[in-house]
Amino acid sequence: GYLLGGDNMICNDINECATLNGNCSDLCINNNGSYLCSCNPGYQLIGDSRTCNDINECTTLNGNCSQVCNNVNGSYFCSCNTGYQLGANNKTCYDVNECSTNNGNCEQTCTNTNGSYACSCGLGYVLRSDNSTCNDVNECSLLNGNCSQICNNTIGSYMCFCASGYLLDSNNRICNEINECSTNNGNCSQLCTNTNGSYFCSCNRGYVLNGNNITCNDIDECTNTNGNCSQTCTNTNGSYFCSCLSGYQLVSNVTCNDINECSANNGNCSQLCNNTVGSYYCSCIPGYQLNITNKICSDINECAISTANCSQLCTNTNGSYVCSCSKGYTLGSDRKTCNDTNECAINNGNCSQTCVNTIGGFMCSCSVGYGLNYTNNQSCNDINECLSNKGNCSQICTNTNGSYFCSCTSGYTLIGDRMTCNDTNECTIANGNCSQICTNTIGSYQCYCSSGY
């Protein structure tokens, strides 16, 4: 199991598995100084310790299979006999309930058994040769089903019947003659007369026998001129009565007159009640509409549904509405359109001077020389032009209402611009009233005398 190494000193393990798999048929396992063979699952070593043969698991406890154990190379599997199916553990077989699927193809009764099932039929049926479907048994074909008169086969059964005028005995086979009139009057609605094996019905005076020869029908007076009823004629046994449609009342037992529903509590209408022939209806005055009761009138909010056509403001009222205008507008003659109010036309809009009308309002203004009083925006105050640069006057500025004027001190004259003062030459006019010499000065003049004076 060892091989001397090249140094002739150390022995190395020989891996027998490296050559021909150690002659093992399945697995070769090397170990120090030796090796051993082993097998894959489902196999076992035989006596030569090298060859693996299949283990037949089915030979031990049937491989734990509840029914059929099937050995295969290296393994096995369980299976079931017909009528069984393998469970989730792949070992146990459970009975298949063939009746749970399409009733096992049985036409009537399916009975499950271990590993199989059987079809059967109810009373009055016999199983066909296909062992699935059922045929009805005709009991009447044998001795008339022991019925004394009539045998009637039915699906799955049969019944005995008697001819008219006979009654089936308690054994449901023998028929005895009966007095039909003694039971429920022979179903005659009025008179019953018994005869041998039969009977006949008849009627009291005022009735006629129906075509079924049993029922007596009242003579229907309503078929002849409606029983003289003006509307509805109702026939009764031996008589009749007249009645009226809704909205009418009976008069003299035959004639229907219209009921005026509006005469009692206004027909429960909250406003207008309109009587019609055979009925009535409620309605509302303009500005109201009927609610879902068709009796109560509710106010129409014309402002909410844009039917008022107010050009500006709309105020709903009970049964109507009112248009109005914003400040500065006046309602027109159509009571809907808002027209601009000319505030200046009345007392000049309280403006002290000029009133200017605007759309929806107005404003005051002032003439030249006046300024608007911004406290009330109506009155005009005089502007004192002399306060600003002396009104451009070169000397004296005098304020007036709405204007001003310039003037000059003595010795000066106002020129054409009405603002500038030029010196006046007094000497040019009558020599300044000097007797001899007149000398002009700025703003004045002086008189002088010639030498010797």
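Reader: Is C222 buried or exposed, and what is its relative accessible area?

Author: Start with the idea. Buried means under 20% relative accessible area, exposed means over 50%, and partly exposed lies in between (1.4 Å probe, protein chains only). Now the case: C222 has a relative accessible area of 13%, so C222 is buried. This is a predicted model: local features need pLDDT of at least 70, side-chain atom pairs count only at pLDDT 80 or more, and totals for chains, interfaces and linings use all residues. Residues are numbered from 1 along each chain as its sequence is written, and side-chain values use heavy atoms, with hydrogens and water left out.

Reader: Which cysteine forms a disulfide with C222?

Author: A disulfide is a pair of cysteine sulfur atoms within 2.5 Å. C222 pairs with C233, and their sulfur atoms are 1.8 Å apart. The torsion about this S-S bond is about -75 degrees, so the disulfide of C222 and C233 is left-handed. The pair links distant parts of the chain, 11 residues apart. C222 is in the loop between β22 (216-218) and β23 (232-236), and C233 is in strand β23. C233 is buried as well, at 15% relative accessibility.

Reader: How many disulfides does a search of the whole structure find?

Author: The search finds 32. Take C39 and C52 as a second case: S to S is 1.9 Å. The torsion about their S-S bond is about -90 degrees, so this disulfide is left-handed. C39 is in the loop between β4 (34-38) and β5 (43-45), while C52 is in strand β6 (residues 52-54). They are 13 residues apart. Both C39 and C52 are buried.

Reader: Which cysteine is joined to C121, and how far apart are their sulfur atoms?

Author: The partner is C134, with the sulfur atoms 1.9 Å apart. The torsion about the S-S bond of C121 and C134 is about -90 degrees, so the disulfide is left-handed. C121 lies in the loop between β12 (116-120) and β13 (125-127), and C134 lies in strand β14 (residues 134-136), so the pair ties together parts 13 residues apart in sequence. Check the two ends. C121 is partly exposed at 21% relative accessibility. C134 is buried, with a relative accessible area of 6%.

Reader: Where is N31 placed?

Author: N31 is in strand β3 (residues 27-31). N31 is partly exposed, with a relative accessible area of 29%. Beyond its neighbours within four places in sequence, N31 contacts D13 and L36.

Reader: Which backbone nitrogen lies 3.4 Å from a polar atom of the N31 side chain?

Author: That of Y35. N373 is in the loop between β37 (370-372) and β38 (380-382). A polar atom of the N373 side chain lies 2.9 Å from the backbone nitrogen of T375. Leaving aside neighbours within four places in sequence, N373 contacts Q378, S379 and N381.

Reader: Where does I150 lie, and is I150 buried or partly exposed?

Author: I150 lies in strand β15 (residues 150-154). Its relative accessible area is 40%, so I150 is partly exposed.

Conventions. Helices (H or I, at least four residues) and strands (E, at least two) are DSSP runs, numbered from the N terminus. A polar contact is a pair of N or O atoms within 3.5 Å; within protein, one must be able to donate a hydrogen and the other to accept it, and residues adjacent in sequence count only if both atoms are side-chain atoms. Contact means heavy atoms within 4.5 Å.
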